[in-house]
Amino acid sequence: MTTEPARPSGWRIFGKALLGALTGFFLVPIIIFIIVLILNFFNAVCGTPGDSGGCEMGLATITIASALPGAVIGFVVNLVRGLRQRRG
C-alpha cells in the first residue's frame, strides 16, 4: 500500500508565490546594483568633471526601477513551480 504525498493547496501555492515576489523585490535590485556598480567602475567617463553625477544617478535609477520587475519575476517563477508541483 503506497500513499501519495499531499498536494499543496492553492492558498499555499499563492503564499509561496507572494514570498517569491517579496524575495525578488529585494534580491533583483541588489544584484542589479552590483552589476551596474562594476560596469561604472570600468567606464572611463564616470567620475570625470563632465559627468556631473550622471553615472551615480543612472545607478540609482536602474536599481529602483528593477524592483517591480524583480517582484513579478519572483511571483511568476514560484507560481509556476507550485503549479508544477501540484500536478505531480
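1. A residue is called buried under 20% relative accessible area, exposed over 50%, and partly exposed in between (1.4 Å probe, protein chains only). By this rule Phe75, with a relative accessible area of 23%, is partly exposed. Phe14 is likewise partly exposed, at 38% relative accessibility.

2. This is a predicted model, in which local features need pLDDT of at least 70 and side-chain atom pairs count only at pLDDT 80 or more, while totals for chains, interfaces and linings use all residues. Residues are numbered from 1 along each chain as its sequence is written, and side-chain values use heavy atoms, with hydrogens and water left out.

3. The structure holds three aromatic pairs (rings of Phe, Tyr and Trp, the last by its six-membered ring, with centres within 6.5 Å; planes under 30 degrees apart are stacked, over 60 edge-to-face, the rest tilted). One of them joins Phe14 and Phe75 edge-to-face, at 6.0 Å centre to centre and 80° between the planes. This pair links distant parts of the chain, 61 residues apart: Phe14 lies in helix α1 (residues 10-42) and Phe75 in helix α3 (residues 67-87). Helices here are DSSP runs (H or I, at least four residues), numbered from the N terminus.

4. Why is the pair of Phe25 and Phe26 edge-to-face? The planes of Phe25 and Phe26 stand at 90°, with ring centres 5.3 Å apart, so the pair is edge-to-face. Phe25 is partly exposed, with a relative accessible area of 33%.

5. Phe42 is also found in helix α1, and its 65% relative accessibility makes Phe42 exposed.

Technical notes. Helix = DSSP H or I, 4+ residues; strand = E, 2+ residues; numbered from the N terminus.
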